[in-house]
Amino acid sequence: CFLFFRVPKDKERMKPKVLALHGFRTSGSILKIQARDLPLADFDVHFIDAPTLATGEAQEIVKTIFPAPYFEWWTLQGETYSGIEETLRYIHTYEQQHGPFVGVLGFSQGACLAATLLAQAALHMEGAALPQLQFGIVLSGFIPVDRAYAGLFSTSLPLPCFFSYGATDFKRDACVTLSHVFPAAVTVAHSADHMLPNRRNGPDAIAALDAFLKPFRK
């Protein structure tokens with residue numbers, strides 16, 4: 001007598017997990033809409049909210065298009081990121097509950113945070129919030145201003161990373177500078193400003209990202 005058990009589809013093929021980090025004073029649900037053209041169907045993407053509600057007004061264009069609430073990963077006080085320690089603890093706890101995450105995606109402030117998480121993992125730092133990271137997607141990112149974290153980028157970081165930014169993006173030069181820290185970086189610009197690449201403004205960026213992600217799909 002033989003017994004056959006059908007394995008549920010979600011058990012047949014566990015998708016690699018990616019943590020997605022939104023921009024300043026937006027939200028995970030907003031980033032999910034912004035990222036709709038990114039080739040992420042083969043990944044289990046977690047679009048999370050920052051642990052802190054926005055302490056000030058969101059940009060007018062954000063408020064016009066997307067409803068509240070809005071969140072922030074930290075606020076800048078002088079050259080210090082107020083709230084970043086809480087954010088890193090929050091992400092570490094989320095990793096323990098929902099990980100492991102092999103990839104991280106971030107836009108703008110979330111891209112700066114993503115780069116910081118990648119640096120921690122690449123340097124095998126004790127207490128790294130996402131220690132099992134294998135790759136990153138950094139969109140309109142920048143090196144942290146806070147000196148406590150800027151030092152992480154004083155050496156080459158060997159993790160594969162995809163970078164993109166707009167041709168008229170006010171973070172363009174900062175994102176290029178950040179990409180130089182990652183020797184395995186793939187960098188493709190799109191034609192718009194401070195926003196994510198999509199099929200209209202960045203078909204080349206979308207295609208390059210699709211190729212970049214191929215080794216990490218299961």
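**Contacts, burial and charge pairs in a predicted model**

Q: Leaving aside its neighbours within four places in sequence, which residues is A208 in contact with, and what makes these count as contacts?
A: A208 is in contact with F162 and V188, once neighbours within four places in sequence are set aside. The model is predicted, and a contact is called when heavy atoms lie within 4.5 Å. A208 itself belongs to helix α8, which spans residues 203-213.

Q: How far is A208 from T52?
A: Their C-alpha atoms are separated by 34 Å, and the two residues are 156 places apart along the chain.

Q: How do you know that the buried residues of α8 lie on the same side of the helix?
A: The buried residues are A205, I206, A208, L209, F212 and L213. They cover an arc of only 165° around the axis, which puts them on the same side of α8. In general, an α-helix has 3.6 residues a turn, so residues three or four places apart point the same way. On the other side of α8, D204 and A211 are exposed.

Q: What covers the buried residues of α8?
A: The cover includes three strands: β8 (135-139), β9 (161-164) and β10 (185-187).

Q: What places the buried residues of α7 on the same side of that helix?
A: The residues concerned are C175, L178 and S179. Their arc around the axis is only 100°, and the three therefore sit on the same side of α7. The buried residues of α7 pack against α5, β8, β9 and β10.

Q: Why is D169 said to have no salt bridge?
A: A salt bridge requires a side-chain nitrogen of Lys or Arg within 4 Å of a carboxyl oxygen of Asp or Glu.

Q: What makes the pair D169 and H194 a polar contact?
A: The side chains of D169 and H194 are joined at 2.7 Å. The cut-off for a pair of N or O atoms is 3.5 Å, so this distance falls within the limit. Leaving aside neighbours within four places in sequence, D169 is in contact with S140, A192, D193 and H194.

Q: Which residues touch the most other members of the largest nonpolar core, and which element gives the most to this core?
A: Of its 41 residues, L21, I91, L117, F153 and F182 touch the most other members. The elements giving two or more residues are β1 (17-21), α4 (84-98), α5 (109-122), β9 and α7. The greatest share comes from α5, with 10 residues. In soluble globular proteins, nonpolar side chains tend to be buried together.

Q: Which residues is L117 in contact with, leaving aside its neighbours within four places in sequence?
A: L117 is in contact with L21, L88, I91, V104, A129, L130 and L133. A second, separate core has 24 residues, including V18, V102, F107 and L139.

Q: Why is the pair E72 and R25 called a salt bridge?
A: The N to O distance between their side chains is 2.8 Å. That value is within 4 Å, so the pair qualifies. E72 lies in strand β4 (residues 71-72) and R25 in the loop between β1 and α2 (28-34), so the pair ties together parts that are 47 residues apart in sequence.

Q: What makes E72 and R25 count as buried?
A: Buried means under 20% relative accessible area. E72 has 2% and R25 has 14%, so both residues are buried.

Q: How do you know that R199 is exposed whereas D37 is buried?
A: R199 has 60% relative accessibility, and exposed means over 50%. D37 has a relative accessible area of 14%, which is under the 20% limit for burial. R199 forms a salt bridge with D37, the closest N and O atoms being 3.0 Å apart. This pair links distant parts of the chain, 162 residues apart: R199 is in the loop between β10 and α8, and D37 is in the loop between α2 and β2 (44-48).

Q: Why is K63 called partly exposed but E57 exposed?
A: K63 has a relative accessible area of 33%, which falls between the 20% and 50% limits. E57 has 58%, and this is over 50%. Their side chains meet in a salt bridge of 2.6 Å, N to O.

Q: How many salt bridges does the structure hold?
A: There are eight. A network of salt bridges links D42, D210 and R217.

Conventions: Residues are numbered from 1 along each chain as its sequence is written. This is a predicted model: local features need pLDDT of at least 70, side-chain atom pairs count only at pLDDT 80 or more; totals for chains, interfaces and linings use all residues. Side-chain values use heavy atoms; hydrogens and water are left out. Helices (H or I, at least four residues) and strands (E, at least two) are DSSP runs, numbered from the N terminus. Buried means under 20% relative accessible area, exposed over 50%, partly exposed in between (1.4 Å probe, protein chains only). The arc is that of the directions from the helix axis to the C-beta atoms. A polar contact is a pair of N or O atoms within 3.5 Å; within protein, one must be able to donate a hydrogen and the other to accept it, and residues adjacent in sequence count only if both atoms are side-chain atoms. A nonpolar core is a set of buried Ala, Val, Leu, Ile, Met, Phe, Trp, Tyr and Cys residues joined through side-chain atoms within 4.5 Å.
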